[in-house]
Amino acid sequence: MRAVSVRGASMVPTLRDGDACLVWWGRAPRPGDVVVARLPDGRGLGVKRAEFADPDGSWWLRSDNVGVGTDSAAFGMVPGQDVLGRVLVRYWPKPAWLRRSA
């Protein structure tokens with residue numbers, strides 16, 4: 001487990017700027033999970049929703065707040081090894097388990 005802090009508005013309403021979350025590092029995602037990933041082209045780490053995987057293990061990641069965040073619509077599929085873990089719970093400021101999207 002590792003703690004991460006969310007920056008930006010790309011995951012609103014699920015997560016907001018400054019939310020603190022626990023991440024199950026090394027845990028493979030399932031479609032609909034919120035994940036931490038190494039984003040392409042020097043964008044650093046990001047918190048995104050895992051939409052679907054290609055047979056090669058690459059993931060399509062999206063922002064919950066479409067139009068605000070940068071996601072796979074801009075940078076394409078993310079290699080599976082760059083999806084670092086699943087976000088399980090927001091523990092601050094208002095604790096909540098994260099659920100998969102429908």
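The largest pocket holds about 170 Å³ of space, where a volume is the space filled by probe spheres set on grid points joined across faces, edges and corners. On a 1 Å grid over the protein atoms alone, a pocket is an open set of points where a 1.4 Å probe fits, with protein on both sides within 12 Å along at least five of seven lines, and lining residues have an atom within 4 Å of a point.

The model is predicted, with local features needing pLDDT of at least 70 and side-chain atom pairs counting only at pLDDT 80 or more, while totals for chains, interfaces and linings use all residues. Residues are numbered from 1 along each chain as its sequence is written, and side-chain values use heavy atoms, leaving out hydrogens and water.

**Pocket lining**
- Among the residues that line the largest pocket are Val 4, Arg 7, Met 11, Val 36 and Lys 48.
- Strand 1 (2–5) and strand 4 (44–53) each supply at least two lining residues, and the largest share, 4 residues, comes from strand 4; strands (E, at least two residues) and helices (H or I, at least four) are DSSP runs numbered from the N terminus.

**Overall fold**
- The protein chain has 1 helix and 7 strands, which run β-β-β-β-β-α-β-β from the N terminus on.
- The C-alpha atoms fill a box of roughly 35 × 30 × 25 Å along the principal axes.

**Burial and contacts**
- Of the 102 residues, 41% count as buried, meaning under 20% relative accessible area with a 1.4 Å probe, protein chains only.
- Residues 24 or more positions apart account for 50% of the contacts (heavy atoms within 4.5 Å) with a separation of 6 or more.

Key. Buried means under 20% relative accessible area, exposed over 50%, partly exposed in between (1.4 Å probe, protein chains only).
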